[in-house]
Amino acid sequence: MSNQDENDETPEPRLRKELPDEVPAAAPADDEAAEPAEPALTGRQRLVQGLWPPRITRAQLIVALLLFGLGFGLAVQVASNSDSGNALRGARQEDLVRILDELGDRSQRLEDEKQGLEKQQQELENSSDQAEEARKQTVEKERQLGILAGTVAAQGPGITMTIEDTKGTVEADMLLDAIQELRAAGAEAIQVNGVRVVAGTFLTESGKGVSVDGNKINTPFRFKVIGNPQDLEPALNIPGGVVQTLEKEQATVTVERSDKIVVDALRAAKRPDYARSSDQ
């Protein structure tokens, strides 16, 4: 019994010797005890802090608005197509046939309108061309009538006839015969000593000279004539013609051909007293 009791009591002090002595906890400092410890942030809180307040630039704002507008437009288009498709899918066969007929009629009307507009365009182009051609013809006709009436200057091939009358034997009727002979040979414009000869031109005796339409002209008498030189000169030199008649009166006549004769003497345009244009 005694040995057993000794064995039972022996381990207790041995265990106590192996364990370290208890160390009392250090008292916290005054400053640390005064400041409360900050709570640790969770992941969601850190995410919120990173996203708010948002830091948006002008470019990002513009891109966002454009994307919003594009998305809204696409949504409206899809909704519209969906509504239309749903309406057609839910329509009866008679309604579909009617809609198809209306579309066909509308297409035909548009095609007719297109053809009508194309026809009007063609007519306008033709009318414009005709108007331009008529204007050109009017201008050309006015020029031709102006040459005949003596209101515009003219130039072209022709001849120059000069009559020297030193004896004073050339009379007005001889010069008138020369004008008539030139007209018959195809003269288109005639000028005598600065006076334009027209359809109503008259020649008279004026003392020792000659007057053309009341304008006195003196020797030498110079005719400037526009026409075909190959027709005008032979007409003056025919036997018994103008040149021989004047030479018998001891006058000297010279005829020169030229590729360019300028007739620049003008007559004032005179309005008829009684005659008026008529459509008939």
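Reply: Happy to! Pro220 lies in the loop between strand E6 (215-217) and strand E7 (221-226); helices (H or I, at least four residues) and strands (E, at least two) are DSSP runs numbered from the N terminus. The peptide bond from Thr219 to Pro220 is cis, with omega near 0 degrees.
This is a predicted model, where local features need pLDDT of at least 70, side-chain atom pairs count only at pLDDT 80 or more, and totals for chains, interfaces and linings use all residues. Residues are numbered from 1 along each chain as its sequence is written, and side-chain values use heavy atoms, with hydrogens and water left out.

Me: Which residues are buried in H7?
Reply: Buried means under 20% relative accessible area, exposed over 50%, and partly exposed in between (1.4 Å probe, protein chains only). In H7, the buried ones are Ala172, Met174, Leu175, Ala178, Ile179 and Leu182. Down the axis of H7, these buried residues fall within an arc of 170 degrees, so they line one face of the helix; the arc is that of the directions from the helix axis to the C-beta atoms.

Me: What is phi of Asn193, and where is Asn193 found?
Reply: Asn193 has a phi near 50 degrees, a positive value in a residue other than glycine. Look for Asn193 in the loop between strand E2 (189-192) and strand E3 (195-197). Asn193 is partly exposed, at a relative accessible area of 29%.

Me: And Gln250: is that residue buried or exposed?
Reply: Gln250 counts as exposed, at 52% relative accessibility. Its phi is near 65 degrees, again positive in a residue other than glycine.
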